[in-house]
Amino acid sequence: CLFFCYRGSHDFRDGKDSYRIGYSVSNDLNQWTRSGDDVLGSISSNWDQNMQAYPYCVNILNKPHLFYNGNCFGRNGFGCVEIEI
């Protein structure tokens, strides 16, 4: 599984085209299929409602956790959530 951030062309810092986190999956690390967009959309808070960027996934106690920056490229905070893949 590969996590990435993406954005639109207009109003990407604070608007509807702002950074979001998606993911892709691969069975052979050569062919990738985009599987999900806006991974954190339903759990966002005031500090990350406008922007979610720069994901990093680690296993903690054998469960995947996603670290990411919030609004203003992390100026307002960063988060860590347990995710389902």
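**Chatting about a loop and some cysteines**

Leu 29 sits in the loop between β2 (20-25) and β3 (33-36), where strands are DSSP runs (E, at least two residues) numbered from the N terminus. This is a predicted model, where local features need pLDDT of at least 70, side-chain atom pairs count only at pLDDT 80 or more, and totals for chains, interfaces and linings use all residues. Residues are numbered from 1 along each chain as its sequence is written, and side-chain values use heavy atoms, leaving out hydrogens and water.

Biologist: Is Leu 29 buried or exposed?

Modeller: Buried means under 20% relative accessible area, exposed over 50%, and partly exposed in between (1.4 Å probe, protein chains only). Leu 29 comes in at 64%, so it counts as exposed.

Biologist: And Ser 26, buried or exposed?

Modeller: Ser 26 lies in the loop between β2 and β3 too. Its relative accessibility is 19%, so Ser 26 counts as buried.

Biologist: Which backbone nitrogen does the side chain of Ser 26 reach?

Modeller: The side chain of Ser 26 gets to the backbone oxygen of Gln 31 at 2.8 Å. As for the nitrogen, the distance is 2.6 Å, and the residue is Leu 29.

Biologist: How many disulfides are there in the whole structure?

Modeller: A disulfide is a pair of cysteine sulfur atoms within 2.5 Å. Searching the whole structure turns up zero.

Biologist: Which cysteine sulfur is nearest to that of Cys 1?

Modeller: Cys 1 is in no disulfide. Its nearest cysteine sulfur is 6.8 Å away, in Cys 57.

Conventions: Helices (H or I, at least four residues) and strands (E, at least two) are DSSP runs, numbered from the N terminus. A polar contact is a pair of N or O atoms within 3.5 Å; within protein, one must be able to donate a hydrogen and the other to accept it, and residues adjacent in sequence count only if both atoms are side-chain atoms.
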